[in-house]
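Please look over the sequence and model shown here before reading the report that accompanies them.

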Amino acid sequence: MKRVLVGVKRVVDYAVKIRVKPDGSGVETANVKMSMNPFCEIAMEEAVRMKEKKLVEEVVAVSMGPASSQETLRTAIALGADRGIHVETDAELQTLAVSKMFAELVKKEEADMLLLGKQAIDGDNSHTGPMVAGLLGWSQGTFLSKLEAADKLKIQREIDGGLQNLELTGPAVLTADLRLNEPRYATLPNIMKARKKEVKKMSPADLGVDVAPRFETLKVVDPPVRKAGVMVSDVDELVEKLKSAGVV
């Protein structure tokens, strides 16, 4: 394969406690630690491993969002990407618009594969991979826990009933699950080198995509606080309490 595109999204760090804005319009992101979406890190690691095995000539990282997304791209380059593409916009990006932009970038870059995380930990949608595959008419493999790239793509994916093994013909859109690999850490020399690597700036208009929201978030609220548990002395007391609560 000549070129693989890898999507990397900037999200609130997984270790940060999420806070809802006082006006209920969304999640607080001001002065909050941000990092690369963990599933995107796994996708990037898999692309870099493919390049190390001489299965891919070039790995291109792609991020969409505000100017601060450049940091995520520099991290991706430090992890092994050859260059980056930043589709810069301050608009609220919803899944359909993101999918259309990925589809256009794949065409422009003449990519043979698109690797994404199975989901972003902010929206938890898992929409983008299948949508892009549908727009392009490509094969798709989602929730990957194993990938063997040769003449055909042999994948193992995690499903509710266990593991499913499939064989795909390229080009393909693949989404990475948690057990696909363990991402490496970016070394200091690579972080320094990443500052000098190419990051191409684009806008949604350059790709001919309208990013106007298709739906509106009316309100975001914190989940209800769980009630404290109750200790029981024996099974009879447990059954009695369940009966009084009307659940048995």
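## Basis of the model

This is a predicted model, in which local features need pLDDT of at least 70 and side-chain atom pairs count only at pLDDT 80 or more, while totals for chains, interfaces and linings use all residues. Residues are numbered from 1 along each chain as its sequence is written, and side-chain values use heavy atoms, with hydrogens and water left out.

## Salt bridges

Side chains of opposite charge can pair when their charged atoms come close. The structure holds 14 salt bridges, each being a side-chain nitrogen of Lys or Arg within 4 Å of a carboxyl oxygen of Asp or Glu. One of them joins K51 to D82, with the closest N and O atoms 2.3 Å apart. Because K51 lies in helix α1 (residues 38-52) and D82 in the loop between α2 (69-79) and β5 (83-88), this pair ties together parts that are 31 residues apart in sequence; helices (H or I, at least four residues) and strands (E, at least two) are DSSP runs, numbered from the N terminus. K51 is partly exposed at 26% relative accessibility, and D82 is partly exposed at 23%, where buried means under 20% relative accessible area, exposed over 50%, and partly exposed in between (1.4 Å probe, protein chains only).

Within helix α3 (residues 95-109), K107 and E104 are three residues apart, which separates them by about one helical turn, and their side chains meet in a salt bridge at 3.6 Å, N to O. K118 forms a salt bridge with D177, the closest N and O atoms being 3.2 Å apart. Since K118 sits in the loop between β6 (113-117) and α4 (128-136) and D177 in the loop between β10 (172-176) and α5 (188-194), the pair ties together parts that are 59 residues apart in sequence. K118 counts as buried at 18% relative accessibility, and D177 is buried with a relative accessible area of 4%. Elsewhere, salt bridges that share partners join R3, E58, R83 and E109 into one network.

## Cavity and pocket

The structure holds one cavity of 30 Å³ or more; on a 1 Å grid over the protein atoms alone, a cavity is a set of points where a 1.4 Å probe fits but cannot get out, whereas a pocket is an open set with protein on both sides within 12 Å along at least five of seven lines, and lining residues have an atom within 4 Å of a point. The largest cavity has a volume of about 30 Å³, and its lining consists of V12, V16, K17, I18, R19, V27, E28 and V32.

The second largest pocket has a volume of about 510 Å³. Of the 20 residues that line this pocket, the closest to its centre are D13, S35, M36, E41 and T75. The elements that give two or more residues to the lining are β3 (34-36), α1 and α2, and the largest share, four residues, comes from α2.

## Surface

V247, in the segment after α6 (235-244), counts as exposed at 58% relative accessibility. K219 lies in the loop between β11 (199-202) and α6 and is exposed, with a relative accessible area of 62%. The C-alpha atoms of K219 and L79, which are 140 residues apart along the chain, are separated by 37 Å.

Technical notes: Points joined across faces, edges and corners; volume = space filled by probe spheres on them.
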